Amino acid sequence: MRGLLGAVVGVRKKMASKISVVLRPVKSIVVRFCPFESNVESTRKFLGCINHKKIQATNRNCEVTADVRHDGSEPLVDVMFADGERLIMKGANLTTIEMLTALRSRCNAKELKEEQKSKKKSP
Amino acid sequence: QDDGYVRLLRRQVEEVFRDNRMIAVCQYNSMPDEDVVLMRHYLRKHNIEVKFVLNEIVRPVLSQSKYKNLLPLFVARNILLVSPETKAKEMLRVLKGVPQINLLGACIDDTILSRQGVENFAKLPSLEASQGQTAGALALLPSQTSSLLQRGSVHLMALLDQHIRRLQAGETGSPAEPAPAQSLGAH
């Protein structure tokens, strides 16, 4: 299952659900936010999109957890990759689409690297 | 511009807030239908109903009611878990098995609580147990008063008893000891 490039066309609401992310290189995702704050909309929508069955199906071992707090902290998406790399996205000033695209591009880059590595091993 | 259906939905939301003691707001992330049905079933056992709500309907209703502070919760997709009782512990137990539903906050007995607040509320003992504990604590001090008041005369009685016993022992042969008289004099 590869080559899932979502069509990034136009700038309307339902677009976020069309962005497909391949979660294979991801170990875990923690979405942290304070629901009573007013800057959490994009982070919460990101959480909703990540939980979509198509994206979840790309890696059943990837744990997605929501960390709901009430301490005024910033909304945050903490992605831990299988190779030890970490991506932290501060959702207060990012849109859902920007976060999904950033995650997708990193996942695709890692997938590519993996493929190149496996091609080198078995010519 | 309000058509009848929108008015009906708004009235339903008002009723929900009026007729229930516990209203929990949760984020709904897409779940398979069977899981939704199962979750509804387990919550129904504790008299908790699951209601899917639209933000466009709920927001105007809340902004004109005393639940204004719940407004920030209503973005993205939400569901309400409502109940005329306040079985927070059972609700949390069911939700633990459903990772796609995230509890954001609740309004219990007209008090707005965060997620942590709900967890603390669930840990409280029942009302009867708290009342019993309070009554016990209040009754503790007066129960000590009577024994405190009696302590002096009880001690005196014990000493007199001992004195009598020793005098009787003295009559039957062993020498009488002046010690009891001295300790009596000390009081």
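## Confidence of the model

Chain B averages a pLDDT of 88, with 91% of the residues scoring at least 70. For the complex, the predictor gives an ipTM of 0.79 and a pTM of 0.75.

Residues are numbered from 1 along each chain as its sequence is written, and chains are lettered from A and ligands numbered from 1 in the order in which they are written. Because this is a predicted model, local features need pLDDT of at least 70 and side-chain atom pairs count only at pLDDT 80 or more, whereas totals for chains, interfaces and linings use all residues, and side-chain values use heavy atoms, with hydrogens and water left out.

## Strands and a helix of chain A

Strand β1 (residues 26-33) of chain A is joined by six bridges to strand β3 (residues 76-81) of chain A, and the two run antiparallel; strands are DSSP runs of E with at least two residues, helices are runs of H or I with at least four, and both are numbered from the N terminus. Two strands pair if DSSP finds at least two bridges between them. Within this pairing, R32(A) has L76(A) in β3(A) as its bridge partner. Six bridges also join β1(A) to strand β2 (residues 63-68) of chain A, but here the strands run parallel, and V31(A) stands opposite A66(A) in β2(A).

In helix α3 (residues 96-121) of chain A, K117(A) and E114(A) lie three residues apart, about one turn of the helix. Their side chains meet in a salt bridge (4.0 Å, N to O), a term that requires a side-chain nitrogen of Lys or Arg within 4 Å of a carboxyl oxygen of Asp or Glu. Over all chains, this rule gives a count of 16 salt bridges.

## The hairpin of chain B

In chain B, β4(B) and β5(B) form a hairpin with two residues between them, and D109(B) in the turn has a positive phi of about 50 degrees. Four bridges join these antiparallel strands, with C107(B) standing opposite I112(B) in β5(B).

## The interface between the chains

The contact takes 20 residues from chain B and 15 residues from chain A. The area buried between the two chains, meaning the accessible area (1.4 Å probe) that two parts lose on being put together, summed over both, is about 1,300 Å², of which carbon and sulfur atoms give 61%. The elements that give two or more residues to the side of chain B that touches chain A are β4 (101-108) and β5 (111-114) of chain B, and the largest share, four residues, comes from β4(B).

Between chain B and chain A the count of salt bridges is zero.

Technical notes: pLDDT = per-residue confidence, 0-100. Contact = heavy atoms within 4.5 Å.
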